[in-house]
Amino acid sequence: MSGATSAAELGLCSCHVCNLVSSPGQGTGQAHCPRCGAPLHFRKPGSVARCWALLISAYILYIPANTLTIMETGSLLKYRKDTIVSGVVELWRTGSWGIAIVVFIASVTIPLLKLISLTLLLVSVQRRSGWRPRQRTRLYRLVELVGRWSMLDIYVVALLAALVQLGNMATVKAGPAALAFGAVVVLTMLASMQFDPRLIWDPIQKES
Amino acid sequence: MEHHSAKLIACHDCDLLQREIPLKKGCTASCRRCGAVLYRNATDSIDRTLAFTLAAAVLFVIANLFPIFAIEIQETGSEINLFGAVKSLWDKQMHSVSLLVFLTTILIPALELITMTYLLLPLKFRSVPAGSHLLLGMLKIVKPWGMIEVLMLGVLVSLVKLTSSFKVIPGIALWSFAALTLLLAAAAATFSARDVWERMDSRSDREVAA
């Protein structure tokens with residue numbers, strides 16, 4: 001791309017709070033934004049390492065989140081323990097197809113999409129790849145956009161467990177997977193916030 | 001050092017340095033390299049956001065005071081509001097999950113509404129509230145963690161799950177949450193941090209001139 005100059009190449013830095021472009025100067029020590037006083041960084045500091053750390057923790061917790069019970073439902077007639085996936089299957093089986101699809105997207109597709117996408121982005125940035133930067137930036141924006149919707153299952157469990165607790169008649173209890181799954185959502189959100197999409201474009205800048 | 005009036009803008013997604021251009025009302029400027037939205041010319045951004053925020057604040061209070069829904073089993077009923085759900089999780093030793101629900105659906109949305117009102121109300125009358133730089137920074141950090149719209153979907157999913165085994169009576173908070181979701185989306189769509197910074201800049205420039 002001709003005539004494409006990044007701010008960093010000219011020694012300019014865009015404030016992450018107020019977006020003002022300013023020159024941090026050559027002096028030692030931390031530079032601050034002249035308008036809002038926030039610390040200035042050319043790129044998010046330690047972005048790749050922090051993102052990996054959070055992402056790996058999320059991968060580890062993803063296992064208990066899917067293998068343990070997220071919700072126990074009991075009544076006089078039946079008692080069942082559900083994992084995230086078996087909960088979706090049960091919804092599908094009982095004919096709530098619309099809701100089954102919504103829950104499947106929020107609790108299965110989105111967490112997997114986030115884990116895989118962030119891994120792909122991190123590996124490509126570390127290899128200084130020049131492969132489809134525009135698409136990779138779009139992928140990052142998608143991850144940022146949809147990440148929050150995975151919290152859906154946590155809220156459903158919280159509401160049901162609080163409402164249905166009528167002694168022996170019927171009970172709903174939150175299982176240990178709720179904690180693990182909540183942690184996965186929070187960790188992947190933190191990981192995607194730590195990732196700096198400008199790193200995707202830096203190797204391309206060098207070539208031109 | 002570049003002066004504010006140089007009007008350079010660096011894309012937050014790819015760091016491409018570009019010059020700002022004036023926009024027609026309601027138009028959006030996007031990065032010519034990666035397509036990220038750089039800024040908007042939001043019409044009456046401050047007035048409209050303030051109106052949506054105040055309306056949302058009223059609904060937020062209602063949504064938290066009244067039950068979301070109730071179920072009926074053999075003449076005994078059970079109803080729930082949002083804080084009740086948080087407290088019930090806490091009592092069942094699910095402290096972290098309870099805290100997570102409390103933060104994302106009560107504390108952070110409340111904090112956001114209060115901060116927005118505190119910032120925008122004085123700005124409407126052309127004065128800059130104390131600590132506004134810090135608060136705008138904080139707003140940017142907490143924003144992704146307010147999840148009322150996800151909670152709304154969670155309420156709907158719970159509703160469908162419950163109707164298969166119980167008689168469910170929707171409560172006032174259910175409708176309030178639905179309206180709140182729309183108002184928060186409207187407030188987020190009209191809010192433009194860039195306009196707020198510009199309003200504050202022009203204000204301080206005039207103070208220097210006086």
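## A helix pair in chain B

Let's start in chain B, where the axes of helix α3 (residues 95-124) and helix α4 (residues 132-142) come within 11 Å and cross at roughly 150°. Axes here are lines fitted to C-alpha atoms, for helices over the stretch in contact, and angles run from 0 to 180 degrees between N-to-C directions. Helices (H or I, at least four residues) and strands (E, at least two) are DSSP runs, numbered from the N terminus. The crossing of α3(B) and α4(B) is left-handed, a label used if the near helix is turned anticlockwise from the far one by less than a right angle (right-handed if clockwise).

Who touches whom? From α3(B), I108(B), L111(B), E112(B), T115(B) and L119(B) meet S132(B), L135(B), L139(B) and V142(B) of α4(B). Being in contact takes C-beta atoms, placed from the backbone, that lie within 7 Å. By class, this contact has 6 nonpolar, 2 polar and 1 charged residues. Ala, Val, Leu, Ile, Met, Phe, Trp, Tyr, Cys and Pro count as nonpolar, Asp, Glu, Lys and Arg as charged, and the others, Gly among them, as polar.

## About the model

This is a predicted model, where local features need pLDDT of at least 70 and side-chain atom pairs count only at pLDDT 80 or more, while totals for chains, interfaces and linings use all residues. Residues are numbered from 1 along each chain as its sequence is written, and chains are lettered from A and ligands numbered from 1 in the order in which they are written.

## Chain A overall

Chain A has 7 helices and 5 strands, and reads β-β-α-β-β-α-α-α-α-β-α-α along the sequence. Its C-alpha atoms fill a box of roughly 75 × 35 × 25 Å along the principal axes.

## A helix pair in chain A

The axes of α2(A) (residues 84-93) and α3(A) come within 8 Å and cross at roughly 165°. That is why α2(A) and α3(A) are roughly antiparallel (over 145 degrees; under 35 is roughly parallel, 65 to 115 roughly perpendicular and the rest oblique). This crossing is left-handed too. Residues of the contact include V88(A) and W92(A) from α2(A), and V103(A) and F104(A) from α3(A). The contact divides into 11 nonpolar, 1 polar and no charged residues.

## Where the chains meet

Between the chains, 50 residues of chain A are in contact with 48 residues of chain B. On the chain A side, α5(A) gives the most, with 10 residues. That side divides into 36 nonpolar, 11 polar and 3 charged residues.

Definitions and conventions
Two residues are in contact if their C-beta atoms, placed from the backbone, lie within 7 Å.
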